[in-house]
Amino acid sequence: MRVDLTQSTAPPSGLHSGKGFRWALLALACGFVLAGYTTLALLRPGDPALWSGFCLWLLCAAGGAFLLELKLPARDPYLYPAVMLLSGWGLLAIERLAPAFAERQAIWLVPAMASMLLAAIFPQALRWLRGYRYVLLTLALALLLATIAVGTNPSGFEAAPRLWLGLGGIYFQPAEAMKVILVAFFASYLAEQSATMRALLGKARAGMNLSPRLLGPILLMWLLALLILLWQRDLGTAMLIFIVFMLLLYVASGDWRIIAAAVMLVLLAAFAAYFLFDLVQLRVDIWVDPWADADGRAYQIVQSLMAFAAGGIFGSGLGMGAPGYIPVAHSDFIFAAIAEEWGLLGIITLVSCYGLLAWRGFAIALQRAGSAFGQLLAVGLTLMLVAQALMIMAGVLKLLPLTGLTLPFISYGGSSLLVSFFMVGILLRLSASER
Amino acid sequence: MSIEVAIFLLRLLAGISLVAFLLTLFAVIMRQMRQSEALLKLSAEPQGYLLREDEPAERHALRPPLTLGRAGSNSIVVDDAFASALHAQISESEGKLWLEDCQSRNGTRLNGEPIGGRTILADGDIIGIGKWRYRLALSTRE
Amino acid sequence: MPFAREIRRLLAASLAAFALIGIAAAYWAVSGASTLLLREDNPRVVEAQRRIERGRIFDRNGILLADSVAADGAFTRNYAHPASYSAVGYFSLRYGSSGTEAAFDAALSGEREIATISDYLRAHTLRPPQVGADIRLSLDAAVQEALVAAMGALPGAGLVMDATSGALLALASQPTFNPNTLDEDWARLAADAGEPFFHRALQGNYQLGGAAYLLLLAQAIDSGFDLSQQFAGASAAVDLGGGTTVACIQEAPSDQLTLPQAFIAGCPAPFLLYWQQNLAGTQAHIKAEFDFEQPLSLAGFPAPEALAAPASDAVDAGQLALRNALGQGALRTTPLQLMTVLSAIAADGSAAAPNILAAQRPPAAESWLAHAPPTGRARMFSPAVAEALRHQLSASWSALSGRAAPEAAIGATLYRSQAGDALQTWLLGFIRWHDGSRAIAFLLLQEARVGAAALITQSQPVFDALLALPG
């Protein structure tokens, strides 16, 4: 008989299956991060401050594991160790690339972990996301609008996009919160409409199942969010939200024509943006041929590819490479910096972790048969994380034009870390409340 | 130990941790797939049946784990005054079926004898809870 | 189950996309090593160079000429002795190297020694800078300074060579560059019509000019010609055809001159007469013994271009032979080449191969390892001829400077060479201690018409510096 990967669930409790591997995975992740920090400490004697990052990470990892074991023993057992490995790896890479930013990022890990635990342990979080969807969405849109008026950029560059709201030295990117709120909104709305849509599919005239009457409110909200993001020149997030929405619509309606329409729309939008935005034009041009201007506008992508080449299969070793040549390596291009120092083996592990995230996320969605909202929410959150990781990794590898997104859990950026952890918290909750 | 040796060993340790992380994940996933395969096979075809001695019409498919007790949430509801809410459970491990008393007030009997810890079940065994008695009829497997 | 089919498709698509990412990463990691990393703009190559601590360069007495200064984990080259810029050359991450820096690059940049596992691990973890060997040149800072001062601001070349060992005591070319600010000045220097990167002393390709008088005089002495024979019409200018004439450098004392007298005044006519009477139809001695058609180069330094004569203006064969006899024809030379001839005169008729490296000191080593000078000498004159020529040069120097030779024998001659519009004034000199313990040859070339008295005065400090050399 056919064995379906996605059908497999966590071993039922009580059976002689053993939960030891959860701790083993966490211990291995811990060993990896500790070895990295020790190497950095040996290479940078007289800088004990770097240990604060490791201690915070270890505290978060251990505290989170105990609380989850206590409150949510039936959760999906793979997600948490994978996410902790990624976040520890990210902290380590930032400590190596830009020590000035490392402490800040480590401190952000605490609220991020707290938000994950809140979402995972308290079922209210899920209910609120559904029940107050209009309030939350309005709030998020308002914050997004506020960034247009009073937005700043922590880097302080005049020309940089002002996507942050600053308060007392803490900067938050409302676009990040927008991601999770929009997914919850789409999921709850589509969960109510999906039965109608599927019933109409194939029976009535083509396209009836996607009539504006069904999709009106959601299209409106979606267009509003996209417009604001485009206004802010946050094209990466706009593209991400567009893709996730189209894929969710596909899942809800079961209509493959959505995918075809999405591809057409993306190409059309890219074509229009090429002429409307100088930034898009620049990025597409250097994507098509970076070698023509390797020392100028394409410097970053060329240096990124060189980092992959310099890393080879085994990498140069932590602290031994020269990823400093890639501009802002600790943010958008952290994937290339990791490639240089940990090599292809490191990259394969990293990509496997994201692959695991995708697999578990979608498996959780499949397990939640019976709750359309839960299913669509799990699909949406997983898609958000996976699509974001894929877009930036493909950009760094010159498979796609650069989109200016962060690599979830790894890149420098507090808001991104917090929201990514919150999403994982909801996925954990969804994985546990099935039984 | 000189610093360069230490750094080299640390690099080795980090690499081994990463590979071990991946291999552990892979191993667990493989095991789980095998288990779910077994589970699916079992769910399709029960290992046998539990037959109520005094009420031959009552027949329960044997798909471990299953629980016996007075509460409605049990796999087999034993509506007897001497039965506890969760009375006993039958589980499978190491290819054998195990009967275990769940600290019931009045105990569980196997072929008339009260059981202590976990006990292996065999075809034809009679499980007694209160006045109710179940006979285990295992389906023959090839 | 609702949505199951769509979710499975999404999962499959996601996993395929991640696999694609892995394949792309593998592609760059594996294929990039032979393509991307070899690109000129790969900063890692430059970084590796920057992390090499090049050895220091000293003069013969241990005066620092160049060293590497550590800054931020990398090294920059510092050149401490302006007078020796043209001899030491430059080392630039962007523009490569030249001069001594290029000639002894292998020693200066060194090689990381990996003997033990610990060495190997250290090289791959702590990455200690690669340290090169120090080198000690045969140059003498004081002589070098005197030489550069004597050259003044005019373009030209200068060479001082120990005639017994062939060691160069000074080596200069003008105009030159400041290697400390090379990267900043590069565009300007590269566009400079004066060609500051062209080393005139080693690469310059000049008309033999009046040096031919010296060679003719040597031939006359060698053949036993009566040097007291006077030639009439000695002060007249000689017409070489094609509108070219050569005349005396200095005012001739009379119209009747012997060959030695003509040599002192730099008058061409007596040499022409001597050549027509004795050697017409041959010039074998110049070709064979001095090897002017085989340009000589200093090991490791840029070789001069082939010394081909520029296209001659239309003159008949007779006039061409005439030109060759007087050094105005096809024969050309580099200052270094002429220097060997001069050093053969200063020594006892044979010349050692010129060399500039005195000793090396490996990194972390205490003592210097002397560099064995090249052995073998090229015989150019018999000892007697060399002594007679020294005598003639001393007489010439006394006449030019109006001074008697001090404790050592000093000699010098002066002449001009000309090809087309370019005109050079040369001074060839030597110092030889009376006991023969030491002999030094000295060449000064100015690419301009310089008066005899001025040039002698200018070069006097060089002779003084040479006389002041420690035993």
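Which residue of β2(B) is the bridge partner of Y49(B)? The partner is A61(B).

This is a predicted model, in which local features need pLDDT of at least 70 and side-chain atom pairs count only at pLDDT 80 or more, while totals for chains, interfaces and linings use all residues. Residues are numbered from 1 along each chain as its sequence is written, and chains are lettered from A and ligands numbered from 1 in the order in which they are written.

**The sheet of chain B**

Helices (H or I, at least four residues) and strands (E, at least two) are DSSP runs, numbered from the N terminus. Two strands pair if DSSP finds at least two bridges between them. Chain B holds an open sheet of six strands in the order β2-β1-β11-β10-β7-β8, with antiparallel pairing. Because β2 and β8 (113–114) of chain B each have a single partner strand, they stand at the edges, and one side of each is left without a neighbour in the sheet.

| Strands | Sense | Bridges |
|---|---|---|
| β1(B) (residues 48–52) and β2(B) (residues 59–62) | antiparallel | four bridges |
| β1(B) and β11(B) (residues 132–138) | antiparallel | five bridges |
| β7(B) (residues 109–110) and β10(B) (residues 126–129) | antiparallel | two bridges |

A hairpin of six residues joins β1(B) to β2(B). On β11(B), L136(B) is the bridge partner of L50(B), and on β10(B), G128(B) is that of R109(B).

**The contact of chains C and A**

Residues are in contact if their C-beta atoms, placed from the backbone, lie within 7 Å. The contact takes 32 residues from chain C and 42 residues from chain A. On the side of chain C that touches chain A, α1(C) supplies the largest share, 17 residues.

Terms used. Contact = placed C-beta atoms within 7 Å.
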